[in-house]
Amino acid sequence: MRIDVVSIFPEYLAPLELSLIGKARQDGLLDLRVHDLREFTTDRHRTVDDTPYGGGAGMVMKPEPWAQALTAVAAGQAERAENAGAPDATGAAGSAGKPVLIVPSPAGERFTQATAHELAEENQLVFACGRYEGIDERVLEWAADHFTVRPMSLGDYVLNGGEVAVLAMVEAIGRLLPGVVGNPESLVEESHSDGLLEYPVYTKPSSWRDRDVPAVLLSGNHGKIAQWRRHEQYRRTAERRPDLLAEFDAGKLPRADRTAFADLGYDVVDGLLVRRPDA
Ligand code: 6GU
């Protein structure tokens, strides 16, 4: 997969050289390039922002530097000296056609694990990191001729710019690429892979500061362990993220699982979980 990130703070993306994502880049699984937006300005002061039409606080990012930068990365013409040794993208299996332009913004569509899986199938992703009050809206309209444009938000809070959000999204997407996570099994049983939160985990010693590991995990009974873990997922999700249960497909649950949900105050109605009014 090829990923281009455009930012006025390219140093902000330095952590993408570390750990799993850094290794994936070294191994040639991920061709990730970071570009400085100011390289695409033409004035002496390398200006990227200006005051908003209509008035108001803050500054807005000017359209022309963005058009120059995005045109260059779409055509693969924005290679820079510090990236020159980077390996080529190899055999990305994604959909043919336009690259996807992801614009991090608290006004975007919500980025979820499902989005990460979707984007992991693409050949090229471009991230446009806005700062200040955002990018002139006409850039996003113009870009639709060259990209599939997707404004994306991590959640309902405000960051100062898109860079930290890009670190999160690139990690979420990158770890789904074939070969990036050593044991692909670890991608199966984790939070959000099945619409639920993950079960709690324990390691040695079995007794620590007067707290014992749940006995079932030491029983060697794999059926019982799987059921306990599933029920812990239900309990945890009901307590911390009841909003996720409204989406959960409960149509084919075995009786023991329905009983577990009943104990948590949820009935199965037409295949969906419904909170009992008295619960
Ligand atoms: Cl993706 N970007 C910015 N700037 N702020 C955010 C966000 C993204 N997600 C939540 N807040």
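The legends below describe close-up views of a predicted model.

**View 1. Residues around the ligand.** The shell consists of Pro-104, Ser-105, Pro-106, Met-152, Ser-153, Leu-154, Gly-155, Tyr-157, Val-158, Leu-159, Gly-161 and Ala-165. Sorted by class, 8 of the shell residues are nonpolar and 4 are polar, with no charged residues. Strands β5 (100-110) and β7 (148-153) each contribute at least two residues to the shell. The most comes from β5, which gives 3 residues.

View 2. A backbone N or O atom of Tyr-157 is 2.5 Å from a nitrogen atom of the ligand. For Ser-105, a polar backbone atom lies 3.4 Å from a ligand nitrogen atom. A polar backbone atom of Gly-161 is likewise placed 3.4 Å from a nitrogen atom of the ligand. The ligand taken alone exposes 290 Å², and the protein buries 97% of this area.

View 3. Phe-9, Tyr-12, Tyr-157, Leu-159 and Val-164 make a nonpolar surface patch of about 440 Å². Among these patch residues, Tyr-157 and Leu-159 also belong to the residues around the ligand. Phe-9 sits in the loop between β1 (2-7) and α1 (19-26). Phe-9 counts as partly exposed because its relative accessibility is 36%, between the limits of 20% and 50%.

**View 4. The side chains of His-35 and Asp-4.** His-35 is part of strand β2, which covers residues 31-36. With a relative accessible area of 0%, His-35 is buried. Its side chain makes a polar contact with the side chain of Asp-4, at 2.7 Å.

View 5. Ala-67 is located in helix α2, residues 63-74. The relative accessible area of Ala-67 is 15%, so the residue counts as buried, the cut-off being under 20%. Ala-67 and Arg-138 are 71 residues apart along the chain, and their C-alpha atoms are separated by 9.9 Å.

Key:
Residues are numbered from 1 along each chain as its sequence is written. This is a predicted model: local features need pLDDT of at least 70, side-chain atom pairs count only at pLDDT 80 or more; totals for chains, interfaces and linings use all residues. Side-chain values use heavy atoms; hydrogens and water are left out. Patches are made of residues with over 30% relative accessible area and no salt bridge: like charges are joined within 9 Å, nonpolar side chains (Val, Leu, Ile, Met, Phe, Trp, Tyr) within 5 Å. Accessible areas come from the Shrake-Rupley method with a 1.4 Å probe; for residues, only the protein chains shown count as cover. A salt bridge is a side-chain nitrogen of Lys or Arg within 4 Å of a carboxyl oxygen of Asp or Glu. Helices (H or I, at least four residues) and strands (E, at least two) are DSSP runs, numbered from the N terminus. Buried means under 20% relative accessible area, exposed over 50%, partly exposed in between (1.4 Å probe, protein chains only). A residue is near a molecule or strand if one of its heavy atoms lies within 4 Å of it. A polar contact is a pair of N or O atoms within 3.5 Å; within protein, one must be able to donate a hydrogen and the other to accept it, and residues adjacent in sequence count only if both atoms are side-chain atoms. Ala, Val, Leu, Ile, Met, Phe, Trp, Tyr, Cys and Pro count as nonpolar, Asp, Glu, Lys and Arg as charged, and the others, Gly among them, as polar.
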